[in-house]
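Please keep the sequence and the coordinates at hand while reading.

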Amino acid sequence: MDITTTYLGLKLKNPIVPSASPLSYTLDSMKQLEDAGAAAIVMYSLFEEQIAHERSELLHYLSHGTESYAEALSYFPDVQQYNLGPDDYLEHIQSAKKSLAIPIIGSLNGVSVGGWNEYAKKIEEAGADAIELNIYYIPTDLNVSGAEIEKKYLEVLQAIKQTVKIPIAVKLSPFFSALANIAKKFDQAGANGLVLFNRFYQPDIDLETLEVQPNVILSTPNAMRLPMRWIAILHGKIKASLAATSGIHTAEDVLKMLMAGADVTMMCSALLKHGPEQITKVLRDLENWMTENEYVSVQQMKGSMSQKAVADPAAFERANYMKSLHSYK
Amino acid sequence: MNTKTKRQMVTIDGNEAAAYVAHKCNEVIAIYPITPSSPMGEWSDEWSALGKKNLWGTIPQVIEMQSEGGAAGAVHGALQTGALSTTFTSAQGLLLMIPNMFKIAGELTPTVFHIAARTVATHALSIFGDHSDVMSVRSTGWAMLSSNSIQEIMDFALISQAATLESRIPFLHFFDGFRSSHEVMKIELLNEEDMRAMLDDELIHAHRERAMSPDHPVLRGTAQNPDVFFQARETVNPYYLTCPGIVEKAMRNFEKIAGRKYELFQYVGAPDAERIIIMMGSAAETTQETVEYLTPKGEKIGIIKVRLYRPFSAEHFINAIPKSVKSIAVLDRTKEPGAFGEPLYTDVVSVMSELFMNGKLPLTSFPKIIGGRYGLSSKEFTPAMVKGVFDEMKKPQPMNHFTVGILDDVSNTSITYDPTFATEPDDVVRAVFFGLGADGTVSANKNSIKIIGEDTDFYGQGYFVYDSKKSGATTISHLRFGPRQIHSTYLIEKASFVACHQWFFLEKYDVLKYAVPGATFLLNSIYGPNEVWDKLPRHIQKELIEKKMKFYVIDAYDVARKTDMGTRINTIMQTCFFAISGVLPKDEAIASIKNSIEKTYGKKGIDIVKQNFEAVDQTLANLFEVKIPDKVTSKIEMPPPVSEKAPEYVKNVLAKIITGDGDTLPVSAMPIDGTFPISTAQWEKRNIALEIPVWIPDICIQCNKCIMVCPHAAIRVKVYETKWLKKAPKTFLSMDYKGTEYKGMKYTIQVAPEDCTECGLCVDVCPAKSKSEARVKSINMKPQPPIREQERINYDFFLQIPDVDRRTVKIDTIKGSQFLRPLFEYSGACAGCGETPYVKLVTQLFGDRTIIANATGCSSIYGGNLPTTPYCVDENGRGPTWSNSLFEDNAEFGLGMRLTIDKHNEMAKELVQKLSANIGGQLVNGLLNANQSDEAGIYEQRERVKILKEKLSSLNSSEAKSLLSICDNLVKKSIWIVGGDGWAYDIGYGGLDHVLASGRNVNLLVLDTEVYSNTGGQMSKATSRSAIAKFAASGKSTAKKDLGMLAMAYGNVYVASIAMGANDLQTLRAIIEAEAYDGPSLIIAYSHCIAHGINMTKGMQNQKLAVETGYFPLYRYNPMLVTEGKNPLKLDSKAPSKPLKEFTSLETRFFMLEKSYPARAKELSVLAQKDVNIRWKIYEHLARTDDSENKKS
């Protein structure tokens, strides 16, 4: 049985890839993921904004209160050398490449064209096999239109494509008004893959303190419906690879995504909950199911249930929504 | 000048110059922080942390000790075992080294100690410079070499190193604290080749050969007896006799190497001088400048700069004096009360007399010799004063034992001079800048000197005058640029450029008094070139017109905002200076600024460089010249520095210090013994807050937390009868009191608008939020200017409402305790200080019967630095009485106070009994058996003492009089021994330990900031593992000392670990229990601090996280519980619920280690987490342990 797949032009031993998460913080846990069977690893995201923030905070506090009072003209030694860039992240990629055999995909979350470019180049130099651009931006400005945002993203992608040679995946949010169109535009702009979808962590309200608090809720299998629909819709219509992420917990989830047209399936919540060994279980179940149902390869089932391939393409469209509501009644 | 070697020119201060040579020439460096010498230790530690090597290719080992005494001991040991070893210190620190210095000299051990000479504390502490410290050690047998300028500091550091190795006499290399240690100057950097050429390796080997080693063992440090000690002491004489020759040889050698010529006694002036001044230190530069100004005008004068003061070479001295001299003035920068004369004066008189007696005086006649004092505690010494001294010498009967620079109207010692006399040449650009500590003015100016020093052939000099306040501090920068080395070691009085970086200074200082006619004035103003004129105070308009000045404005904060610079206006104001001062061609200057920005920020990120570049460009576009009208039109006058209602002493004396005119106060204005009135901070309305808290009663839940956390007592609460509202101002807010204790009464929270420092702690802790708009709390920060006047009136009214009767207050609740009036208010501590809320709480609870012994440190500075003190009195005139002895002895100092109180209490009781017939049985019984465990009991005892005093005043016996003088001690007194962790964990630990062991009833409050905050954040033993601090530049590698555990080991010490931001109630109860405990109590109070590199507004939140992560566990160990058969240790915080990282990631002191030494950070953070886990387990175990053993006993 052949469960290999190709994602971003990279030949992968199976279709399971842990997505960007704290599981890639240490070499140890990355090694565990590899041992459990992960076909590649998407690194946790490098946040340009966070680097800039840390840098300005550090500079602020190192000078805060200085040169005011004769006995304490400063409060910290001048250690001269500060590692204020993404050096840790890049070193981590380098050591992961040395210790692991599977491909390593760097993940980058930026805010400015300059920042995206600079860091993408560095990630490539550190040895990453590919880069995932994590577009994690909440457009709250009432004066910024969807078209402007799309334009900005495309510019970023084009700029990065000119800067680096390794494949680039774009991790999208589901909140584009014309998702199919923007997918096509990313495809045309040179994206080697699209990752559907980014899960925004939605804040919560604390009734005790009356404060808005970030509150991470792990995904449930229900969350996979949204990416599955869009993968099914896009499969076969664009050149870019498709990666499914959100709510993939079991072999059944993987199968469904592959059939919808995903080239790889990305897991996070299930691994955080059950540990890296969940990959081993999913792979075993996947192979068992394929054996029982006489599938010979992942390639064979890929897209077999995509919009193009199913008997009722409208099932993936709006009509389907009306129907489901009726069926609920 | 030797032109063969082109050395690098650098712009550095004196401390860096000394440390540079010391670090290159030593192997072991033992350090301890003390102003103004701390930076020498800091440089050494930083350089070693960065791997910088000494001349012999090894990184010097730097170790911080627990005190200067410890540093001297460590150096002594290192020297005895053959290391090249040094230390740095000042003032009291040097005094603590004396015992070891006698030993080191007695054993003929070569070393150089570098001293930033500072005033020794007498009637008051002073951090500033004079020679009282170095003069105190002249009997130790050390050679003393004086440097007068930054270049000399570097040169003499090396010369003394060479001379000590050859002579075997240890050297004290000293220079003036602040004036030289902190003056920034362009100098020539000696290179390693120079140093190598000066130091003979054979002499180093000889030093090592003399060292102790079990391979060739010796005995040193014997005890000797009357038979031989004397003879042994005389063996060293030949070494002292040859020492001056050795120093002279080193100076000759140095001249060959570096080209600068030095003499043991260096004469400058007319070859045929008749009047000369003899002196040493930085002021000699000013005297030289004056001599060089006056001699071409025909004055026959000169100066002898004493360089090698000990061993004093009569031969070299007399050879330096021109034979024509008829009159000598010897100037000492020290005072020896009771001595015939000051030390240098008596030395000169002795030497001259001896030479005369022996017929060896080469002068035509024995000259007149007068001695004078100048410059104590960095008092200015100007060319005008120098001329005054020379003029005095012309008189037939010149004054001897005079003072210069002050008006002594008590003993009439001061000589007069013409203050308008000046010597500064026109080709020196002189600029004065008024800045706010937080606006980066000083950094920008230091940078400008570097730019000019390094990019041009000009010489630059910078000296900076700082504030005694830590919040809203004013800085005044004095910068000179000129074509020659600058010898002007005094503040600029006549500037060609004056910059005022904050508008509000215009109403506070006469900034233009510095400006010469035609000078340029730069003002940071929100008003543009067309509107600014009408907004200026009258005196500014007048001076601009009369002096025909040029006037420029820029809205620097607006440019900063628009270029994402936040509130840092340093780059902007610096650009303005270069653009209009003409010190460099404009384009060249701008290019240099940009170049410097790149150098400074290049490694820190391209975006920061771009931001600064943008700020530079925008500055040029927003800098405008203002056309100065012909007439003064303004009606805005400078407000008086203090209110008209202030006491006369405040108006006449303290107000002068507040406005920066303290120099004009005569001797008679000062108290004779350093005693000052309290309750004075209230008169210094500083108005430093741009925003202040505003109360919304509708939302308030009356928890009083805001009152408790306020570091400055600038937000107050009162509960009072409704009738008081009758005369309330219209905008005065009140609400019904919620609760049963004061049912029917009114409640008001009121802000002191002119005293608030805008820290925001009160708003941060306020738990009450609007039900319709959650961001609105019961108190919210609002702009101060529009409501200043209204709230000032409201606050005045609020203060007139009587305080609640202390007897009715539930003091063991947060709400109740905060109705007690703070007797510590409006201190100059940092905005958001983590220490002062504890101090304030103590004064609320016990202030009317408290005596405070305060260790030197932040708490002694915000507690007792002139002009004003935050300690104050209640409506009965009672309040804390406060004193600071030293840094190292505070526990003992406080214990002494306890002993007096106890003794006088005992004596009073004895006398009451003796006089019982006169006093009356019931009163006697009441007085002797009073229960003073609560406010009511104390009140009653005070009433009894009042009656007793009335009775005693009618009695005439000596016993009655004696009782009258001490009977106040029948009322319970509370001794508080307050200090920081530097005192408690390090320098004062021995004493603290002894006081705890004494069993006496004292309360030790340790304000634990985990660093020496006052001297700039040096590591103490309270510093936690993995924190970066000065002297721990690569992160502290060992765990925090568990002071509480050590104290608990005594069993009879009350110990509490508290953190107000984590558990305010536990804090309150611990302080009450500690005071109530009739024995020693130790409270370790976690105090967030500006030295942690945190958002001070959220300081209390940091405290909470410190406790939640187990970083700072809360507990109380109450020995009284043992008598009840209970475990005395009660843990008041829960087991760590969060990883340590959650706390440490909020604080720069930890965070910067990750960013500077990532691998070490990882390693240390794992260990730090283990420290937390292990400590918690131990405490948990101890708190659980069954105390049945105690039960049985």
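Which residues of the largest nonpolar core touch the most other members?

The model is predicted, and the largest nonpolar core in it holds 328 residues, of which B:L172, B:I276, B:I278, B:V498, B:C706, B:L1005 and B:I1083 touch the most other members. Helix 6 of chain B, residues 150-167, gives the most to this core, with ten residues. Apart from that core lies another, of 86 residues, which includes A:I93, A:A96, A:I104 and A:I105.

One of the residues that touch the most other members of the largest core is B:C706. Once its neighbours within four places in sequence are left aside, B:C706 is in contact with B:I715, B:I749, B:C762, B:V765, B:C766 and B:I779.

## Chain B as a whole

Chain B contains 42 helices and 37 strands. Its radius of gyration is 32 Å, close to the 32 Å that the globule rule gives for 1193 residues, so chain B is as compact as a globular protein of that length. Along the principal axes, the C-alpha trace of chain B spans about 90 × 85 × 75 Å.

Of the 1193 residues of chain B, 53% count as buried. When contacts in chain B between residues at least 6 apart in sequence are considered, 76% of them join residues at least 24 apart.

## Domains of chain B

The division of chain B gives domain 1 (9-257), domain 2 (264-404), domain 3 (429-626), domain 4 (689-820) and domain 5 (974-1192). Taken over C-alpha atoms, the centres of domain 1 and domain 5 of chain B are separated by 36 Å.

Between these two domains of chain B, 13 residues of domain 1 are in contact with twelve residues of domain 5. On the side of domain 1 that touches domain 5, helix 2 of chain B (residues 38-49) gives the most, with six residues. Sorted by class, that side of domain 1 has four nonpolar, five polar and four charged residues.

## Helix 41 of chain B

Helix 41 of chain B covers residues 1158-1184, and at 1.5 Å a residue its 27 residues should span 39 Å, which agrees with the 39 Å between its end C-alpha atoms.

The buried residues of helix 41 of chain B are B:A1161, B:L1164, B:S1165, B:A1168, B:Q1169, B:D1171, B:V1172 and B:Y1179.

## Chain A as a whole

Chain A has twelve helices and twelve strands. The radius of gyration of chain A is 22 Å, close to the 20 Å that the globule rule gives for 329 residues, so chain A is as compact as a globular protein of that length. Taken along the principal axes, the C-alpha atoms of chain A fill a box of roughly 80 × 45 × 45 Å.

Buried residues account for 44% of the 329 residues in chain A. For contacts in chain A between residues at least 6 apart in sequence, 72% join residues at least 24 apart.

## Contact between the chains

The contact between the two chains takes 28 residues from chain A and 38 residues from chain B. On the side of chain A that touches chain B, the largest share comes from helix 2 of chain A (residues 48-63), which supplies six residues. By class, this side of chain A has 16 nonpolar, seven polar and five charged residues.

Terms used. Residues numbered from 1 in each chain as written. Chains lettered and ligands numbered in written order. Predicted model: local features only at pLDDT ≥ 70, side-chain atom pairs only at ≥ 80, totals over all residues. Domains from an automatic or database assignment. Contact = placed C-beta atoms within 7 Å. Helix = DSSP H or I, 4+ residues; strand = E, 2+ residues; numbered from the N terminus. Nonpolar A, V, L, I, M, F, W, Y, C, P; charged D, E, K, R; others polar. Expected span 1.5 Å × (residues − 1). Buried ≥ 20, exposed ≤ 12 C-beta atoms within 10 Å, placed from the backbone. Rg over C-alpha atoms; globule rule 2.2 N^0.38 Å. Core = buried A, V, L, I, M, F, W, Y, C linked by C-beta atoms within 7 Å.
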